[in-house]
Amino acid sequence: MRSANPALKGSTFDKFRGTSYSKRMTLSGTVYKTFILLVVLMATAIFTWYQYHLGNPVGHYIVIGMIGGLVTALIVAFVPKTAPLLAPVYAALEGLAVGGISANFESQFNGITLQAVALTFGTLFALLLAYMFRIIKVTHNFRLIVFSATMGIMLVYLTSFILGFFGMSVPYLHSTGPIGIGISLFIVVIAALNLVLDFDFIEYGADRGAPKYMEWYGAFGLMVTLIWLYFEILHLLAKLRNR
C-alpha cells in the first residue's frame, strides 16, 4: 500500500526484484515525462476551451475525454508496459474534458479557472518541497490514513452516482453551506496528500532500479492525482463563489 492512487500500487515493483536493467527509472526522467504529459493535456484543454468560447458544442468532447480517459487509465494501470504509448493518450483525452468543464465553470464564475490552476500547482510544488526536505514523512500510519480516506471518498462518489439515477443525492456533498464547503475542503486535503504518496511511490521505484518505461507509469499516476485535485479545487471554489 504505497499509494491510495489505484494506478500506483505498491506491488507494481515486486516483479522487478533481483533483476538488473541497463536503462533504469530515475526521478529526473519521471519529472521530464510528467512535464510532457502536462503539455499534452494543456494543448487539448486549450482546444476545447476555445471551442466553448467560440460557441461550438463541447459536450461530446467532454464525454469522449472522460470515457476514453477512464478506459486508457485502466489499461495502463493493469499493463504498465503500455504507459510510454498510452500515458500521452490519457493526457490528451483528459485534456478534452478538463478544457470543456473548465470553460463551463469560467462562464459562471469569472477567473475561477486561473485560481484553480494556480492553487493546484502551488499545492504540488509546496508538497514536493515538503517531501524533499522530509517535513512530511511518509510512514505506515500516514499511508493508512490517506488510503482509507481516499477509498471512503471514492465510495461516497460511487454512491452519489448510483443515487443520481433515482433522483436522489448524498446529503451535503454538493451543498454550498458550511458543511458542504467543509466536506469539499476535506476532499481537497486528501487529494493533495495523495500527491505525497505518489512522490514516495516514484522514489521507491527509482531506488529499486525499475525499468525505464516505469518513468511514464509514474508520471501517469501523478497526472491522475493532479487532475483529481484540480477538479476538487474547482468544485470548492465554485461553492465559495455561490455563497
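Arg134 sits in the loop between α4 (112–132) and α5. In this predicted model, Arg134 has a phi near 60°, a positive value in a residue other than glycine. Tyr172 is a further non-glycine residue with a positive phi, of about 75°, and its place is in the loop between α5 and α6 (178–207). For context, most residues other than glycine have a negative phi. Arg134 is partly exposed at a relative accessible area of 38%, and Tyr172 is partly exposed at 47%.

**Salt bridges**

The side chain of Arg134 also takes part in an ionic pair. Glu203 forms a salt bridge with Arg134, with the closest N and O atoms 3.2 Å apart. This pair links distant parts of the chain, since Glu203 belongs to helix α6 and Arg134 to the loop between α4 and α5, 69 residues apart. Side chains of opposite charge can pair when their charged atoms come close.

| Salt bridge | Closest N and O atoms |
|---|---|
| Lys33 and Glu215 | 2.8 Å |
| Lys212 and Glu215 | 2.9 Å |

Lys33, Lys212 and Glu215 are linked in a network of salt bridges. Lys33 forms a salt bridge with Glu215, and this pair joins distant parts of the chain: Lys33 in helix α1 (residues 27–53) and Glu215 in helix α7, 182 residues apart. Which members of the network are buried? Glu215 is buried, with a relative accessible area of 0%, and Lys33 counts as buried at 12%. Lys212, by contrast, is partly exposed at 34% relative accessibility.

**Helix α7 and the annotated spans**

Helix α7 covers residues 214–242 and has 29 residues. From its first C-alpha to its last it reaches 42 Å, close to the 42 Å expected at 1.5 Å a residue. The helix is mostly covered, with 23 of its 29 residues buried.

An unreviewed UniProt entry places the feature "transmembrane region" at residues 31–52, 58–78, 85–105, 111–132, 144–167, 179–197 and 217–238. Two of these spans can be set against the model. Residues 31–52 are 100% helix and 0% strand, with end C-alpha atoms 31 Å apart. Residues 217–238 are likewise 100% helix and 0% strand, and their end C-alpha atoms lie 32 Å apart.

Arg143 lies in helix α5 (residues 140–164). Because its relative accessibility is 13%, Arg143 counts as buried. A polar contact of 3.0 Å joins the side chains of Arg143 and Asp200.

Ile190 is located in helix α6 and is buried, with a relative accessible area of 5%. Ile190 and Ile153 are separated by 37 residues in sequence, while their C-alpha atoms are 9.0 Å apart in space.

**A nonpolar surface patch**

Which residues form a nonpolar patch on the surface? The patch is made of Val63, Met66, Ile67, Leu70, Val71, Leu74, Ile75, Phe78 and Val79, and together these residues have about 860 Å² of accessible area. Ile67, one of the patch residues, is found in helix α2 (residues 59–78). Is Ile67 buried or exposed? At 52% relative accessibility, Ile67 counts as exposed, because the threshold for that class is over 50%.

Conventions: Residues numbered from 1 in each chain as written. Predicted model: local features only at pLDDT ≥ 70, side-chain atom pairs only at ≥ 80, totals over all residues. Heavy atoms only, no water. Helix = DSSP H or I, 4+ residues; strand = E, 2+ residues; numbered from the N terminus. Buried < 20%, exposed > 50% of the residue type's maximum accessible area, 1.4 Å probe, protein only. Polar contact = N/O pair within 3.5 Å; in protein donor to acceptor, adjacent residues only side chain to side chain. UniProt positions renumbered as here; feature names shortened; annotations may be inferred. Expected span 1.5 Å × (residues − 1). Patch = residues over 30% accessible without salt bridge, like charges linked within 9 Å, V, L, I, M, F, W, Y side chains within 5 Å. Areas by Shrake-Rupley, 256 points an atom, 1.4 Å probe, with all protein chains shown as cover. Salt bridge = Lys/Arg side-chain N within 4 Å of Asp/Glu carboxyl O.
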